[in-house]
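Open the model in your viewer and show it as a cartoon.

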Amino acid sequence: MTMPELFTTWWAWLALAIVLAILELFAPGFIFVGFAVGAALVGILLALGLTFGGSLAWVLLVFAVISVVAWVICYKTFGGKGRQVQTFDEDINEG
């Protein structure tokens with residue numbers, strides 16, 4: 001199986017999604033979550049019979065667009081709040 005054939009195989013995209021989701025567990029923040037969602041959706045679209053014309057370029061473009069959109073949605077929903085530095089004016093040992 002050649003590399004372009006592998007990139008147009010649905011199970012390869014779902015396997016990539018699982019690997020990226022596992023990597024997300026070990027990474028701080030939302031680094032791999034968009035890529036995992038993008039890979040999963042591309043795998044599902046390929047499994048449903050959407051072939052993107054059999055072109056590797058179109059498959060990668062759809063993956064990139066879905067990944068960026070998914071990352072932005074996840075970051076705005078879960079990660080964009082509370083990023084300020086927390087400071088303390090009092091020490092709990094002072095009394």
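Begin with how helices are counted here: a helix is a DSSP run of H or I with at least four residues, and helices are numbered from the N terminus. The model is predicted.

**Whole chain**

Colour by secondary structure. The chain has four helices and zero strands. From the N terminus on, the elements run α-α-α-α. The radius of gyration is 19 Å, well over the 12 Å that the globule rule gives for 95 residues, so the chain is more spread out than a compact globule. Buried residues make up 25% of the 95 residues. Of the contacts with a separation of 6 or more, 61% join residues 24 or more positions apart.

Select Trp 71 and Tyr 75. Both sit in helix α4, four residues apart, so about one helical turn separates them. In general, an α-helix has 3.6 residues a turn, so residues three or four places apart point the same way. Now look at the rings. The structure holds four aromatic pairs. Phe 35 and Phe 63 form one that is tilted, at 6.3 Å centre to centre and 35° between the planes. This pair links distant parts of the chain: Phe 35 is in helix α3 and Phe 63 in helix α4, 28 residues apart. Trp 71 and Tyr 75 form a stacked pair, 5.2 Å centre to centre with 10° between the planes. Trp 71 is partly exposed at 34% relative accessibility. Tyr 75 is also partly exposed, with a relative accessible area of 27%.

**Around Phe 63**

Is Phe 63 buried or exposed? Phe 63 is buried, with a relative accessible area of 15%. Show the neighbours of Phe 63: leaving out residues up to four places away in sequence, Phe 63 touches Trp 13, Phe 35, Gly 38, Ala 39 and Val 42. Ring pairs link Phe 7, Trp 13, Phe 35 and Phe 63 into a cluster.

**The nonpolar core**

Select Trp 13, Ala 17, Ala 39, Val 42, Leu 46, Phe 52, Val 59, Val 62, Phe 63 and Ile 66. These 10 residues form the largest nonpolar core. Helices α2, α3 and α4 each supply at least two residues of this core. Which helix gives the most to this core? It is α4, with four residues.

**Helix α2, both faces**

Select residues 10–26. Helix α2 has 17 residues and reaches 25 Å from its first C-alpha to its last, close to the 24 Å expected. Its buried residues are Ala 12, Trp 13, Ala 17, Leu 20 and Glu 24. They cover an arc of only 140° around the axis, which puts them on the same side of α2. These residues pack against α1 (3–7), α3 (33–47) and α4 (56–79).

**Last stop: Thr 9**

Select Thr 9, in the loop between α1 and α2. Thr 9 is buried, with a relative accessible area of 12%. Leaving out residues up to four places away in sequence, Thr 9 touches Met 1 and Leu 46. Leu 46 also belongs to the largest nonpolar core.

Notes: Residues numbered from 1 in each chain as written. Predicted model: local features only at pLDDT ≥ 70, side-chain atom pairs only at ≥ 80, totals over all residues. Heavy atoms only, no water. Expected span 1.5 Å × (residues − 1). Buried < 20%, exposed > 50% of the residue type's maximum accessible area, 1.4 Å probe, protein only. Arc of directions from axis to C-beta. Contact = heavy atoms within 4.5 Å. Phe/Tyr/Trp six-rings, centres within 6.5 Å; stacked < 30°, edge-to-face > 60°. Core = buried A, V, L, I, M, F, W, Y, C linked by side-chain atoms within 4.5 Å. Rg over C-alpha atoms; globule rule 2.2 N^0.38 Å.
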